[in-house]
Amino acid sequence: MQTISFSFITENIVFAGCSVENFIWNYGSKRHILLDIFSNISMPFYKFGDILFLEKIDNAVWGKFIQKRFRDTGKEISKKDAETVAGLVENHSYYVQQ
């Protein structure tokens with residue numbers, strides 16, 4: 001039997017387990033809902049996978065990402081300005097990628 005890993009991703013949490021499909025669910029600020037799905041005995045995915053808590057992505061990493069995206073569209077942005085953008089949105093993945 002072949003198993004394929006999947007991840008449930010929120011702001012700072014990844015739930016890893018096995019399934020025949022790949023899923024990415026982003027509940028944004030609904031972190032408690034996602035935790036409840038996997039930690040409440042009455043929920044369908046109770047203890048289905050491991051819960052991993054992730055740190056926020058660092059400003060320097062976001063800065064490189066933003067600079068690359070600018071270059072991809074023929075534009076330029078300084079490293080300092082790119083990191084400032086990430087900092088202004090508190091490194092929130094959704095807003096950095098807008």
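Leaving aside neighbours within four places in sequence, Q67 is in contact with I77, S78, K79 and A82, where contact means heavy atoms within 4.5 Å. Q67 is found in helix 2; helices (H or I, at least four residues) and strands (E, at least two) are DSSP runs numbered from the N terminus. At 19% relative accessibility, Q67 counts as buried; the term buried denotes under 20% relative accessible area, exposed over 50%, and partly exposed in between, with a 1.4 Å probe and protein chains only. The C-alpha atoms of Q67 and D81 are separated by 9.2 Å, although these residues are 14 residues apart along the chain.

The structure is a predicted model, in which local features need pLDDT of at least 70 and side-chain atom pairs count only at pLDDT 80 or more, whereas totals for chains, interfaces and linings use all residues. Residues are numbered from 1 along each chain as its sequence is written, and side-chain values use heavy atoms, with hydrogens and water left out.

The chain as a whole has 4 helices and 3 strands, arranged along the sequence in the pattern β-β-α-β-α-α-α. Of its 98 residues, 21% count as buried. Among contacts in the chain with a separation of 6 or more, 35% join residues 24 or more positions apart.

Confidence in the model is described by pLDDT, the predictor's confidence in each residue on a scale from 0 to 100. The mean pLDDT of the chain is 74, and 69% of its residues reach 70 or more. Over residues 1-15 the pLDDT stays under 50, and the model has 63 contacts beyond four places in sequence for this stretch. Residues 17-29 also have pLDDT below 50, with 37 contacts in the model beyond near neighbours in sequence. Where pLDDT is low, the predicted coordinates should not be read in detail.

The packing of two helices may now be considered. Helix 2 (residues 59-72) and helix 3 (residues 79-88) pack at an angle of about 115 degrees, with their axes 8 Å apart. Here the axes are lines fitted to C-alpha atoms, for helices over the stretch in contact, and angles run from 0 to 180 degrees between N-to-C directions. Helix 2 passes helix 3 in a right-handed crossing; a crossing is left-handed if the near helix is turned anticlockwise from the far one by less than a right angle, and right-handed if clockwise. On the side of helix 2, the residues that meet helix 3 are N59, A60, W62, G63, I66 and Q67, and their counterparts in helix 3 are K79, A82, E83, V85, A86 and G87. By class, this contact of helix 2 with helix 3 has 6 nonpolar, 4 polar and 2 charged residues. In this classification Ala, Val, Leu, Ile, Met, Phe, Trp, Tyr, Cys and Pro count as nonpolar, Asp, Glu, Lys and Arg as charged, and the others, Gly among them, as polar.

I66 lies in helix 2 and, at 6% relative accessibility, counts as buried. Not counting residues up to four places away in sequence, I66 touches I77, A82, V85, A86 and V96. I66 and S78 are 12 residues apart in sequence and 9.6 Å apart in space, C-alpha to C-alpha.

Aromatic side chains provide a further view. A search of the whole structure finds 3 aromatic pairs; rings of Phe, Tyr and Trp (its six-membered ring) pair if their centres lie within 6.5 Å, and planes under 30 degrees apart count as stacked, over 60 as edge-to-face and the rest as tilted. The rings of W62 and F65 have centres 5.4 Å apart and planes at 80 degrees, so this pair is edge-to-face. Being 3 residues apart in helix 2, W62 and F65 are separated by about one helical turn. W62 counts as buried because its relative accessibility is 5%, whereas F65, at 30%, counts as partly exposed. Y94 and Y95 form another edge-to-face aromatic pair, 5.2 Å centre to centre with 85 degrees between the planes. Y94 is partly exposed at a relative accessible area of 49%, and Y95 is partly exposed at 47%.

Finally, N91 lies in the loop between helix 3 and helix 4 (93-96). N91 is buried, with a relative accessible area of 15%. Not counting residues up to four places away in sequence, N91 touches K56, I57, D58, N59, W62, A86 and V96.
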